[in-house]
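Subject: Structure for you to look through

Dear colleague,

Please keep the sequence at hand while you read.

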Amino acid sequence: MSDITARFADIVGEHNLLTGDAVPDDYAHDEVLTTAPQKPAYVAKPATAEEVSRLLQAASEHHVPVTARGSGTGLSGAAIPREDGLVVSFERMNAVLEVDTTNQVAVVQPGVTLTDLDAATADTGLRYMVHPGELSSSVGGNVGTNAGGMRAVKYGIARHNVLGLQAVLATGEIIRTGGRIAKVSTGYDLTQLIVGSEGTLALATEVIVKLHPRLDHDATVLAPFADLDQVMAAVPRVVASGLAPYILEYIDNMTMAALIHTQNLELGIPAAIRDSCQAYLVVALENRTAERLGEDVEAAGELLAELGAVDAYVLEGVSARKLIEAREKAFWTAKAIGADDIIDAVVPRSAMPKFLAGARGLAAEAGGAAAGCGHAGDGNVHLAIVCKDAAKKKRLMADILALAMELGGAISGEHGLGRAKTPYFLELEDPAKVALMRRIKQSFDPAGILNPDVLFADPRRQWIDSPTSGLC
């Protein structure tokens, strides 16, 4: 046993350290489509922040690259480790430590899944409202990627719902940021700096999340439109209506057809309407009482008709839940129909029609296709990209992401950059901003061990890592 292996084993116990052939394939990948899996040299399963601290201190001293792992449900390759690296798996740090109903927060360890947290808060009348598409994802993963999801239009993303952290720096120092408080104007906001940093600055070992009241009554209005531009024009009117939808999604006709087929949806939409419509708007409403909900649903139907919807279908109970679940599984549907890549760019709501038209045009010029759905309420566009020529696909991805940035948007709205999108980030982002981020990284992680292939890696290495290598 090497010195560093023995040291890791001494920290977490031999039965909580995996090496060599004992490392299962699951630790080699997340759910990214385009980046090849890579088994690490070590997988450590700490049980406390102190164990994480000692692991990172040892890794810094021996220059061992470190990748944090929650549930492995990410879509950008941020959980893919180095071959000579250490995976710090938070599967044993999976406790809901406290549900504080007075301050409406929960204190959790990073390995807690969204399903577990929802169950732990079920009897309190409160819940954590950040719900990306996969409910087996972990709170630590939410922190790392600044996760969003369909409810972000009303409740915000992880950044708006993470109030404080306990985190371990690469040097082994343990810090606390924020707390059970709604605001802070004391120095730099380190909580928000760590949220969304994809494990490149520090590893969160405890998270304080905001909880919101559970509303007992909800319904979903599904409105088909003759074309996508009508849907995009309707979105700001719905947002400004005062109806406060907690979900506001668009789904194009190709994606809806795939969801209906793969998820066996029965939505009650006549075939003639399905064939004539180019896109759908999904408006989910909630309220404290059935009466108030009914009023809101009626108002939503009238507004959507005024805005050009062909019809409005009110879905409740099982049918509403199945539609939302199908939309949450859109990535798996895209994967099943042979998507070659995915985009989760974000643009201002007003720019969505131009961005979607531009993306479809660029895809057609490359001999491919771009179809999808997205969080219409906050401009987060999810596109499945089909383009079988590897070089053309990479150029297409760069062109679409450049378009998003030109329109005032960003490369990723919620999946993060990971290994998959870092090359585009380095190609397209302002070099002065990247240089500033590098200096921040150096301050947090002097040895450069934390997720070194994310955000700042040599782009040539990134392309080589891809199973479809070849620079654009």
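Predicted model: local features only at pLDDT ≥ 70, side-chain atom pairs only at ≥ 80, totals over all residues.

Residues are numbered from 1 along each chain as its sequence is written, and side-chain values use heavy atoms, with hydrogens and water left out.

**Domains**

The domain assignment gives domain 1 (3-89), domain 2 (96-213), domain 3 (216-329) and domain 4 (338-422), and such bounds come from an automatic or database domain assignment. The C-alpha centres of domain 2 and domain 3 lie 30 Å apart, and six residues from domain 2 and ten residues from domain 3 take part in the contact, where contact means heavy atoms within 4.5 Å.

The size of an interface is often given as the accessible area lost when the parts come together. Between domain 2 and domain 3 the buried area is about 810 Å², with carbon and sulfur atoms giving 62% of it; buried area here is the accessible area (1.4 Å probe) that two parts lose on being put together, summed over both. On the side of domain 2, the residues that lose the most area to domain 3 are Met-150, Val-153 and Lys-154, which together make up 68% of what that side buries.

Lys-154 also forms a salt bridge with Glu-286, with the closest N and O atoms 2.9 Å apart, and the count between domain 2 and domain 3 is one salt bridge. The term stands for a side-chain nitrogen of Lys or Arg within 4 Å of a carboxyl oxygen of Asp or Glu. The residues of domain 2 that touch domain 3 divide into three nonpolar, one polar and two charged, where Ala, Val, Leu, Ile, Met, Phe, Trp, Tyr, Cys and Pro count as nonpolar, Asp, Glu, Lys and Arg as charged, and the others, Gly among them, as polar.

**Salt bridges**

How many salt bridges does the structure hold? The structure holds 23 salt bridges, and one of them joins Asp-10 to Arg-54, whose closest N and O atoms are 3.3 Å apart. This pair links distant parts of the chain, with Asp-10 in helix α1 (residues 3-12) and Arg-54 in helix α2 (residues 49-62), 44 residues apart; helices (H or I, at least four residues) and strands (E, at least two) are DSSP runs, numbered from the N terminus. Asp-10 is exposed, with a relative accessible area of 58%, whereas Arg-54 is partly exposed at 38%. For these words, buried means under 20% relative accessible area, exposed over 50%, and partly exposed in between (1.4 Å probe, protein chains only).

A salt bridge also joins the side chains of Asp-341 and Lys-393 (3.0 Å, N to O), and this pair too links distant parts of the chain, since Asp-341 is in strand β16 (residues 341-343) and Lys-393 in helix α15 (residues 390-406), 52 residues apart. Are Asp-341 and Lys-393 buried or exposed? Both Asp-341 and Lys-393 are buried.

The side chains of Asp-445 and Lys-441 meet in a salt bridge as well (2.8 Å, N to O); Asp-445 is buried at 1% relative accessibility, and Lys-441 is buried with a relative accessible area of 10%.

**Single residues**

Leu-163, found in strand β8 (residues 162-169), counts as buried because its relative accessibility is 17%. Ile-181 has its place in the loop between β9 (174-178) and α7 (190-194), and at 44% relative accessibility Ile-181 counts as partly exposed.

Asn-451 lies in the loop between α17 (431-444) and α18 (459-465), and counts as buried because its relative accessible area is 4%. The side chain of Asn-451 reaches the backbone oxygen of Glu-198 at 2.8 Å. Leaving aside neighbours within four places in sequence, Asn-451 is in contact with Val-66, Thr-67, Ala-78, Glu-198, Gly-199 and Thr-200.

With best wishes

How values were computed:
Polar contact = N/O pair within 3.5 Å; in protein donor to acceptor, adjacent residues only side chain to side chain.
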